[in-house]
Amino acid sequence: MASSSSSSSVLLLLVAVSFFCVAAAQNDVGFQLLHNFLDMEPMPLSRTSASQSGWKQLTRSCNPNTGYLMTKDNGFTKTNAYGLYFNEAGQIVGFATATWKKPASGVSDYWNPSTSSKGERIWLLNVMFRSKDQRCSSATSALPLGEQVSITLTKGGEFMIPLNRSVATNEGWVEGNCIKKMGIHYSFDIGNPGKVTNNVQTLLPLLPMYSSTTNQITAILVNSHAIERVYPLGAWEGPFPFNLFCKNWCADSGCKLPGTWSTMHWLFRNPADQKCTSARCKL
């Protein structure tokens with residue numbers, strides 16, 4: 001009886017550990033942060049490594065919504081139009097992407113007004129990887145990036161990005177093309193979930209990508225309806241006329257978003273693993 005009881009206890013423990021590992025994996029954003037799909041530059045994941053690489057801390061105190069802000073230059077510049085956020089423990093908690101063009105009024109709540117290194121008016125899309133209670137915390141997390149992806153809103157609160165492709169589909173995200181090294185692109189129309197309306201006023205300025213095999217989030221791109229300073233002279237990619245930008249959607253989606261676009265990709269997992277083998281549509 002004692003042997004049977006011990007075996008049952010061990011079995012229950014193994015089941016519990018397996019369940020915890022699966023749950024943790026589903027809530028794990030990734031293990032790295034690569035910027036720009038053209039050169040895939042690794043970003044520092046700690047405040048110490050950022051400082052050692054010459055990044056400058058712009059905020060003396062910790063912002064409870066975003067943490068400590070650091071940039072490559074002494075502020076946001078068109079060459080390096082992004083920044084990273086860290087907490088008291090020194091772990092990365094998110095990033096900011098900067099545009100110099102005023103966003104469309106329909107999506108303005110996703111872009112936070114700020115200023116560049118020269119005092120110019122800019123707008124930041126803040127993407128957070130950790131919950132608000134961790135952004136100024138001195139406690140260290142076991143997750144290199146974090147357990148969520150969200151956009152801070154100018155009116156308060158946050159817009160959550162699904163970490164799983166099945167969840168995205170259920171919440172009205174539209175499946176798009178799978179592109180190797182990135183994953184399956186998904187888009188969201190804040191006025192008409194589940195639809196491709198070709199309305200720049202309601203296209204969420206962020207497209208997540210998911211693995212075609214694990215369904216986990218693999219990357220995101222920030223989109224700007226503008227001609228930004230692009231690689232190799234700047235941090236953005238492009239510029240893309242609508243027919244090229246629409247390659248992020250399936251050919252039968254009806255995508256005809258007007259104008260010219262720029263994108264900025266951020267990759268969380270190994271690009272070599274994103275092979276699109278079981279994707280419905282792919283490039």
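A89 comes out as partly exposed, because its relative accessibility is 28%; here buried means under 20% relative accessible area, exposed over 50%, and partly exposed in between (1.4 Å probe, protein chains only). The structure is a predicted model, so local features need pLDDT of at least 70 and side-chain atom pairs count only at pLDDT 80 or more, while totals for chains, interfaces and linings use all residues. Residues are numbered from 1 along each chain as its sequence is written, and side-chain values use heavy atoms, with hydrogens and water left out.

A89 sits in the loop between strand 5 (82–86) and strand 6 (92–99). Helices (H or I, at least four residues) and strands (E, at least two) are DSSP runs, numbered from the N terminus. Setting aside neighbours within four places in sequence, A89 touches S137, S138, A139 and T140, where contact means heavy atoms within 4.5 Å. T218 is 129 residues from A89 in sequence, and the two C-alpha atoms are 25 Å apart in space.

On confidence, the mean pLDDT of the protein is 92, with 91% of its residues at 70 or more; pLDDT is the predictor's confidence in each residue, from 0 to 100. Over residues 9–25 the pLDDT is below 50, and this stretch has one contact in the model beyond near neighbours in sequence.

Four salt bridges turn up in a search of the whole structure, a salt bridge being a side-chain nitrogen of Lys or Arg within 4 Å of a carboxyl oxygen of Asp or Glu. One of them joins the side chains of K72 and E41 at 2.7 Å, N to O. K72 lies in the loop between strand 4 (68–71) and strand 5, and E41 lies in strand 2 (residues 41–42), so this pair ties together parts 31 residues apart in sequence. K72 is partly exposed at 25% relative accessibility, and E41 is partly exposed at 25%.

Another salt bridge pairs R135 with E158 (2.5 Å, N to O). R135 is in the loop between strand 8 and strand 9 (149–152) and E158 is in strand 10 (residues 158–161), so parts 23 residues apart in sequence are tied together. R135 is buried, at 0% relative accessibility, whereas E158 is partly exposed at 28%. R165 and E175 also meet through their side chains, at 3.8 Å, N to O. That pair links helix 3 (residues 165–170), which holds R165, to strand 11 (residues 174–179), which holds E175, so it ties together parts 10 residues apart in sequence. R165 counts as buried at 17% relative accessibility, and E175 as partly exposed at 21%.

Of its 23 lining residues, N63, T66, Y85, L124 and N126 are the closest to its centre. On a 1 Å grid over the protein atoms alone, a pocket is an open set of points where a 1.4 Å probe fits, with protein on both sides within 12 Å along at least five of seven lines, and lining residues have an atom within 4 Å of a point. Strand 7 (112–115) and strand 8 (121–128) each supply at least two lining residues, and strand 7 gives the most, with three.
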